[in-house]
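Here is a short note to read with the model open. Please take the points in order and find each element as you go.

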Amino acid sequence: MIAVLALLVGVVLGVYLDPTVPAALQPYLPIAVVAALDAVFGGFRAKMDKIFDDKQFVVSFISNVLVAALIVYLGDQLGAGGQLSTAVVVVLGVRIFGNVAAIRRHLFRA
Amino acid sequence: MSEEHRETGTGWPEPVEPARPSGPAGEPDPRPDAPDPDELSPLTPAEREADAPPAEESAGEEPSGSAAPVSRRLTSAGAMIAVLLALLGFTLVVQLKTTSTDSSLAATREEDLVRISSDLDSRERRLRQDIAALEDSQRQLRSGEQGRQAALDEATRRADELGILAGTLPAVGPGLSVRFVGGGKAIAATRILDAVQELRGAGAEAMQIAGSDGAAVRVIASTYFVDAQGGGLMVDGRRLTGPYTILVIGDSATMRTALNIPGGVVASVADDGGNVIVEDREAVEVSQLHAPIKLEHARPVS
């Protein structure tokens, strides 16, 4: 419940403050958001499985975001930024799909 | 299977039966420790679903035990989660806004920009080639049109010339009016023919001969002159009566000289007692037409 409220607060803040993304962060922000989404879905699924752990969630969230951004940064330095960010998005997308499928089975038993 | 075991086996079946249900039920125990929640592979849920009832059983215990800890943890890890999720919502919205408001180029990365630029360059090159080819064909078409126009003009000019020579077109220009007035004897056809030949030789371009009643005949290459019975002159089948007037277009000085040479037309007519009156005219109108000649046998070569 608190998590949902926090998410809503963040959305509202983003809408009202309307900040501009610094140019240096622009390539990493989308990937970081996708990684965070992956962590959130994983945490939700863990909640469904009754194996949710606060600390684990926090650590996985942060590390997911950092690793995703790091991979993209490394890719940019190596000159393969576009391909690596595609790879990261694909991997995270697959994981999100898996997690959502698990959540769905829990919710609808199908 | 189990029945057989009970019947045949002596002491085994009894312990085995209880052990079995405990197997699946026992699985959830290791699981809570094992997983990073994220690292569950997408394939595992199938197994997990089968195990769902046991998991619920074990979960049934948890709420009663963990209800108090949840409220306690809100201070530390719960707050962290809230902050992280708020951050996620924030960045999500910001990113969405950025991608929706940014024009496509400002948000693209450098290599993409380079690619777009080179794409545009090659496209420009192709378009330039297209322009060059089109201009080339335009030039060709224009010159072709000019050539066609020139050929048309030339053909028209030739048609006019030939029409004047063949007597199918009226003509106007500087020239002479030659009037033959008979004296004691009528003007003979040979005199007129001589005069016509002389004028042709002097460069006459168009001629017509008129009788006293104003009837006129265009003189062309095939025109003949015969003395008519009972006086007068047959020209191309028409009967003319004297005095005759020849209107001729050409260089008047040359033609006048040709008519006046000693022993020429003027002298011969004077010998017969007649008179030839030659007048210069600024504009002689040769308006009489000759019907076009239909060629039956001759065909142009080529």
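1. Ground rules. This is a predicted model, so to speak of local features a pLDDT of at least 70 is needed, side-chain atom pairs count only at pLDDT 80 or more, and totals for chains, interfaces and linings use all residues. Residues are numbered from 1 along each chain as its sequence is written, while chains are lettered from A and ligands numbered from 1 in the order in which they are written.

2. The sheet. Chain B holds an open sheet of five strands with antiparallel pairing, in the order 3-2-7-1-8. Strands (E, at least two residues) and helices (H or I, at least four) are DSSP runs, numbered from the N terminus. Two strands pair if DSSP finds at least two bridges between them. The edge strands of chain B are strand 3 (216-219) and strand 8 (275-286), and each pairs on one side only. From one strand to the next, the twist averages 20°.

3. One strand pair. Strand 2 (residues 206-210) and strand 7 (residues 244-249) of chain B are joined by five bridges, in the antiparallel sense. Look for Ile209(B): its bridge partner in strand 7 of chain B is Ile246(B).

4. Helices on the sheet. Helix 7 (residues 189-201) of chain B lies across strand 1 (171-181), strand 2, strand 3 and strand 7 of chain B. Helix 7 of chain B runs at about 10° to strand 7 of chain B. Axes are lines fitted to C-alpha atoms, for helices over the stretch in contact, and angles run from 0 to 180 degrees between N-to-C directions. Helix 8 (residues 252-260) of chain B also packs on the sheet, touching strand 1, strand 7 and strand 8 of chain B.

5. Chain contact. Chain A gives 49 residues and chain B gives 37 residues (contact: C-beta atoms, placed from the backbone, within 7 Å). Which element of chain A gives the most to the side that touches chain B? Helix 2 of chain A does, with twelve residues. The side of chain A that touches chain B has 29 nonpolar, eleven polar and nine charged residues. Ala, Val, Leu, Ile, Met, Phe, Trp, Tyr, Cys and Pro count as nonpolar, Asp, Glu, Lys and Arg as charged, and the others, Gly among them, as polar.

6. A helix pair. The axes of helix 2 and helix 4 of chain A come within 9 Å and cross at roughly 20°. That makes helix 2 of chain A roughly parallel to helix 4 of chain A (angles under 35 degrees count as roughly parallel, over 145 as roughly antiparallel, 65 to 115 as roughly perpendicular and the rest as oblique). Their contact has 14 nonpolar, four polar and three charged residues.

How values were computed. Contact = placed C-beta atoms within 7 Å.
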